[in-house]
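Please examine the sequence and the three-dimensional structure shown here.

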Amino acid sequence: MIRPSQRIIVIGAGPVGLCLSLALAQEGVSVTLIEALGDDNFLEQVPRAGTNHPATLEMYDRVGLYRRLEPRGIVAPVFHYWDRAANELIAAFDHIHLKDDTRFPYVLQCERIKIVEEALQMAKAHPDIDLRLSSTFTHFERNDSGIVAYFVNPAGEIENIAGAYIVGAEGARSIVRKDLDIAFEGFTYSDLTLNIEVAYDFRRHGYAERNYISDPTEWSNLFHWKGPPDRWRVHFPVESSEDQEAICRPEALQARLQGFLPTGRDFDIVGSNLYAVHQRVAKKFRVGRAILAGDAAHVNSPIGAMGMNSGVHDAFNLADKLVKILRGEQDEDILDRYERQRRHVAIQHTQAQTIRNKRLLTEKDPAVRKRNKDELRRTAEDPARARAFLLRASLIESLHEAERIA
Ligand SMILES: Cc1cc2nc3c(=O)[nH]c(=O)nc-3n(C[C@H](O)[C@H](O)[C@H](O)COP(=O)(O)OP(=O)(O)OC[C@H]3O[C@@H](n4cnc5c(N)ncnc54)[C@H](O)[C@@H]3O)c2cc1C
């Protein structure tokens, strides 16, 4: 039996905060979810993450979110590695190799903005979720019975609310993490990533819905999103010394796209942005009754689509443990296991793989490039090796490994 006074305060209605809130509330836990954005601007966020791996789809399904997302996304069983200079398809990986490992042997291309839109509607409809939109969390205090979170409400007043635990799911600039003085260890890449969204069907040139394209000078990623209008996201590297304003001018974006795929006709560009890429993991994921999840705890390069996915995995892992603690089935120490499991995944899987993925796309040495390409080809052609590769790439292996951590 969970008492309503055992409230969990979740900061941030991103994919992680929303999944956590839904998973807790569906087990009878009272949640207060505090989000700085309001109904007027919630959908104005850039689309960001969009590739949802099989294990994440299983978790969405558990809270009833998957069926709302599938119609808004693209089911994509296959992804490609290309060599840009040679215009050559190196390897195609088919998630069908995971048919005995998951009910969802594919990724769902569905952007973060659609995920939070659907999950927010579910949160609004749930009687156990006290949703505070247009409310900016400022700090929290600890006392003997729990924590008190302070936020600026829509009227501009400071309000506070008491709870048993607070979860910082408010993204990379987490106030909870900073309040706890937890180091965010790692590094920031010197180059930036340029993201251009284009209404153009790249499949007519042989591309899959999701493509990683290596090149010693200008690597790229290419992903398909469902419209209307259907759009494709193209990533390019940009040196931080380059003039950022000039890079984002329409003629410069056109020139970059024509360099990638010369069509002789202007691309229909529907959006663009430029962002820095960080590889960082919080030194601790938990201090007493304050816990970090998602980007608040770890950030990584989007090459491999692991940031949002591993954040959602944090959310479900944490929800299961908090429910057991509140029901009196387990003591609070199991939150240390949350930290051991999810920090291990962040360092040994998410960080390690995304760093490796970037190295693979940017490798300059021709001999190493050839070796990498041969290896990818051999892996894709051998069903057992392809399955092992996909188990890692889809983070299923990371979940199995975490289960083995005491
Ligand atoms: C261009 C791009 C592409 C990406 N592609 C992928 C991909 O394909 N796959 C993948 O897995 N990951 C990808 N990522 C990473 C992914 O977007 C993040 O890992 C994910 O959004 C993290 O979710 P989150 O809920 O932890 O934090 P966020 O999504 O950052 O959400 C945090 C929420 O907290 C709110 N908030 C912040 N501060 C406060 C405050 N003080 N008070 C109240 N609310 C607050 C914010 O408004 C926001 O709603 C990509 C990232 C970028 C930038």
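## Basis of the report

This is a predicted model, in which local features need pLDDT of at least 70 and side-chain atom pairs count only at pLDDT 80 or more, while totals for chains, interfaces and linings use all residues. Residues are numbered from 1 along each chain as its sequence is written, and side-chain values use heavy atoms, with hydrogens and water left out.

## Strands and their pairing

Helices (H or I, at least four residues) and strands (E, at least two) are DSSP runs, numbered from the N terminus. Two strands pair if DSSP finds at least two bridges between them. Six strands form an open sheet in the order S8-S2-S1-S12-S19-S18, with mixed pairing. Its edge strands, S8 (129–132) and S18 (286–287), each pair on one side only. Strand S1 (residues 8–11) is joined to strand S12 (residues 165–168) in the parallel sense over four bridges, and Val10 stands opposite Val167 of S12.

Strands S9 (residues 136–143) and S10 (residues 146–152) pair in the antiparallel sense over seven bridges. They form a hairpin with two residues between them. Phe140 has Ala149 in S10 as its bridge partner.

Helix H4 (residues 112–125) has 14 residues, which at 1.5 Å a residue should span 20 Å; the end C-alpha atoms are 20 Å apart, which agrees. The expected span is 1.5 Å times one less than the number of residues. In this report, buried means under 20% relative accessible area, exposed over 50%, and partly exposed in between (1.4 Å probe, protein chains only). Because 10 of the 14 residues of H4 are buried, this helix is largely enclosed by the rest of the structure. Among the buried residues are Arg112, Ile115, Leu120 and Met122. The elements covering them include helix H1 (15–25), helix H2 (54–62), strand S8 and helix H8 (307–326).

In H2, the buried residues include Pro54, Leu57 and Tyr60. Just after H2, Gly64 takes a positive phi of about 85 degrees.

## Nonpolar cores

A nonpolar core is a set of buried Ala, Val, Leu, Ile, Met, Phe, Trp, Tyr and Cys residues joined through side-chain atoms within 4.5 Å. The largest has 78 residues, and Tyr60 and Ile166 have the most contacts inside it. Helix H8 gives the most to this core, with 10 residues. Apart from it lies another core, of 22 residues, among them Ile90 and Leu98.

Contact means heavy atoms within 4.5 Å. Not counting residues up to four places away in sequence, Ile166 touches residues including Ile9, Phe137, Phe140 and Ala149.

## The surroundings of Ile196

Ile196 lies in strand S13 (residues 184–199). Its relative accessibility is 0%, so Ile196 counts as buried. Leaving aside neighbours within four places in sequence, its contacts include Trp232, Phe236, Leu253 and Ser272. Ile196 and Ser272 are 76 residues apart along the chain, yet their C-alpha atoms are separated by 4.3 Å.

## The ligand

Which residues are closest to the ligand? Of the 31 residues that surround the ligand, the closest are Glu35, Arg112, Phe137, Asp295 and Met308. A residue is counted here if one of its heavy atoms lies within 4 Å.

A nitrogen atom of the ligand is 3.0 Å from a polar backbone atom of Ala36. An oxygen atom of the ligand lies 3.0 Å from a backbone N or O atom of Asn309.

Methods: A polar contact is a pair of N or O atoms within 3.5 Å; within protein, one must be able to donate a hydrogen and the other to accept it, and residues adjacent in sequence count only if both atoms are side-chain atoms.
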